[in-house]
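Dear colleague,

I am handing over the structure you will be working with, and below it I have set out what was found. Please keep the structure open while you read, so that you can look up each place as it comes.

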Amino acid sequence: MTGLEILRLTVILIFASNAVLLTVLLTYKGLNRRRTLAHARRRSAYIAVLSQHLSASGEGVRLGKRVAEDEAFLDAVIDLRTVLVGQEASEITDLVDRYGISEQQAAKLDDSRNVGQRLRAAVALAELADESAAHVLLDHLTDKEPEIRIQCARGLARMRWTPAIGVILKQLEHETPWVRSRFADSLITFGPSATWPLIAYIKSNHRLGNRGVPTAIRTLAAIGDPEAIGPTIEILDDANDIEIQLAAVETLGVLGVGPDIYPIEKAARSEDWRLRAKASKALSGINDEAILPTLAIGLHDINWWVRRNAAGALASTLQGREILYSTILGDDAHARDAAAEALADAGEVIAARERIANGLGATRDFDLIEYVEGRKVLTT
Amino acid sequence: MLIHVIKVLGIAILGYFVLMNLYVTTISIHSALALRRGQNLQRYGRVTEMLSSRMAPPVSIVIPAYNEAVGIVDSVRSMSIVGYPKFEIVIANDGSKDETLEKLIEAFDLSKVKVPYRPDIETQPVNAIYRGRGGVEITVVDKENGGRADALNAGINAARYPYVLCTDADVVLDAECLIRSMQRVVEDRERTVAVGGNIRPLNGSVVRHGHLIESHVPRGLIARFQVLEYLRTFIAARPGWSSINALPNVSGAFGVWKRSAVLAVGGFTSGHMGEDMDLTLRLHKFHLENEIPYRIVYEPSAVIWTEVPPTRKVLRRQRIRWHTGLVQAVRDFTPMIFDRRYGKLGMVTWPGYVMFEYLAPIIEFIGYIVVPLAVLVGAVNFGTFSLMVLVAFGLGILNSFIAIILDEPYGYSNSISDTSRLVVMALIENLGIHQMTVIWRIRALIGGKATKTWGNMERRGVAQLSES
């Protein structure tokens, strides 16, 4: 075969490929469009029929068993299940039972080889939150596809299937950060019923270098159960791992610190600036004179975040604000900036201006205004 | 002898085009494989669940603005309702000569605040900082003019959150773009230092009050040509590069950056025409040289819409600026080529970028002269010449078709007529339009000094954008 013949053959091959691709494109486009439109139409029709059924208190629906195989019917049921509550929601649950939708989706999740179909089934089961599928979801918490694991945890949380809490926690260590954070969202959905399992998990694992522990601690913050305050302080006092300490301080910053403030004060004097910064923030809003010296030291810290958070914490109490006012007259330029910013954020600058305008300005009001108006915005 | 040289040169140039298109085809196939899983997840998954997530890290949206009075308020309004649990908007007003600042102050009830500003990255002096009193946290940094990169740096300095989304003032954000890009961050917070998003041309689409209502392919040839170019870049190339952690550029119009990583390499380079590529490459270099595990990823489902130049004049200016940026990047990062220390970036992506992006206009231009000359002087017979041209053009069309097919599952070009327009464009782009850009890029290569780092796009404002 000569070079020219090879070239000719190449041209034919390329243009034949182009023709094939164009055909694929136009066919795919046409089919996809038709399928999407037809699906949307059927979905709307099902919603209409199901709504009629609901308004007739479960007597109105006249659909054959085979509709359960239609993807549009599944979407319509999910749509309604998501928006309805009370009696109407339980009627939808009856429909799900009657048409065997959960069993069908559970079978797909178990048997299908197509990852898309399996994910679709997991999402459907999570949305339907039908307890009959709990065991299937529990089995698939260790599925090889991360998104399926996430949906299973979500489904179990939506149906408040508390036996799943322990299984999810057990998985936490081995998961990627993405799945771990989504598992944490599911644990949050469980609410306070997850508090003590989380505490037990944290206490038994925090010395073992378990990567799931910081996430578990932060989950406590998001749940917001005050019962977690005491155990979290104990964990902070006991932990050596900086990530665990950071998570504990952050959590206390959200939950409140309770009566035993010593571990937080200790953290506020840590060598790690992140811990100092978070501890200073956690001390915000505590009306206790004992913490003022710690925060006043933080105001002169070498790190900007620590100064900022310490100043913010001081600004949250009246006694703290006195310290901030006196700092403005001090020698430390960085502390002065932090104090001025915190006082401005707390509305003191506006209040001082108003007092001065009304002839009620005190010396410290003039000092504050002079300071914030007299210096440049740029500081280091 | 001369005839022989012309013959060899002519065949070498045509060979170069074949090689270039084969390189692009290989990346496209790689991208197709990378996109397959993502499309399944996008179709069936529920990324929006993350909207209610308490574990989502907060983000600062940084918008540099220079003379954006026409559309800045609508832009910020459209951005302020982007779906994400916690974010702030930081606008860096780069010494605008129009009423950009005044419009912002009026629309968002901003007031001057005397708060310390940390110049972690050195910038032009900051005159004042304004903060809003509404529900969305809005901060405006009013600074002396210093160019786009300088404004971005000022915005990053003022940002309070660990991740910054750097974007433009004239874009329309898709409601899920932030959540989809941050999903890639949450996947691996330790290693992810940047996430690039998918930029799509807005021309021809219907936009109301800063929101995209319907997407269409524009009728104008110049804009339509760019739609195809964007598809080849953002759908057929970047997913492939991203899958081997060798993405050479996180687009300046949409990039989520880890703030601490950006500070570690000194932020965007002021005065650079391609500051986005420069920062991406410096981040690669920094992490590889210091052996710090990292990843820079691309997320095709995180979409933003931007108006592309609708006229030849504006497109010319933009292309000269872009290619000048590439020239600067090649000047700075040439030592990375075929250096094993830089992994797949040094061995695959960057050499390919230099060979087939940076050098392409020169070789193409020489080709337009030498190849016909070779036919004229009888060095190459007309039959062979025609076949080689057909191979090069055919592969170009093939790559465009692959890009259009890969884009189809995202459903942005809804109608048959939109797809047909793209198909026609793929067939005709090599009959003049593409050649225009070659000339402009050569202009940039031989020192067409683009001194302005801000583009000269005529702003209409996102609220008014739609083809009428």
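About 4700 Å² of area is buried between chain B and chain A, and carbon and sulfur atoms give 68% of it. Please bear in mind from the start that this is a predicted model. The size of an interface is often given in this way, as the accessible area lost when the parts come together. The contact itself draws on 55 residues from chain A and 48 residues from chain B.

Across this interface one salt bridge is found, and it joins Glu408(B) to Lys29(A), whose closest N and O atoms are 3.1 Å apart. Between chain B and chain A there are also six residue pairs in polar contact, with both residues at pLDDT 80 or more. On the side of chain B that touches chain A, at least two residues each come from helix H1 (2–44), strand S4 (126–131), helix H5 (177–187), helix H13 (382–407) and helix H14 (416–428) of chain B. Among these elements H13(B) gives the most, with 13 residues. Sorted by kind, the residues on that side of chain B are 26 nonpolar, 11 polar and 11 charged.

Finally, two backbone angles deserve a look. Most residues other than glycine have a negative phi. Arg160(A), however, is not a glycine and has a positive phi of about 55°. Arg160(A) lies in the loop between helix H7 (146–158) and helix H8 (163–172) of chain A, and it is partly exposed, with a relative accessible area of 47%. Glu291(B), also a residue other than glycine, has a positive phi near 55°. Its place is the loop between helix H9 (275–289) and strand S12 (295–306) of chain B, where Glu291(B) counts as exposed, at 71% relative accessibility.

With best wishes

Key:
Residues are numbered from 1 along each chain as its sequence is written. Chains are lettered from A and ligands numbered from 1 in the order in which they are written. This is a predicted model: local features need pLDDT of at least 70, side-chain atom pairs count only at pLDDT 80 or more; totals for chains, interfaces and linings use all residues. Side-chain values use heavy atoms; hydrogens and water are left out. Contact means heavy atoms within 4.5 Å. Buried area is the accessible area (1.4 Å probe) that two parts lose on being put together, summed over both. A salt bridge is a side-chain nitrogen of Lys or Arg within 4 Å of a carboxyl oxygen of Asp or Glu. A polar contact is a pair of N or O atoms within 3.5 Å; within protein, one must be able to donate a hydrogen and the other to accept it, and residues adjacent in sequence count only if both atoms are side-chain atoms. Helices (H or I, at least four residues) and strands (E, at least two) are DSSP runs, numbered from the N terminus. Ala, Val, Leu, Ile, Met, Phe, Trp, Tyr, Cys and Pro count as nonpolar, Asp, Glu, Lys and Arg as charged, and the others, Gly among them, as polar. Buried means under 20% relative accessible area, exposed over 50%, partly exposed in between (1.4 Å probe, protein chains only).
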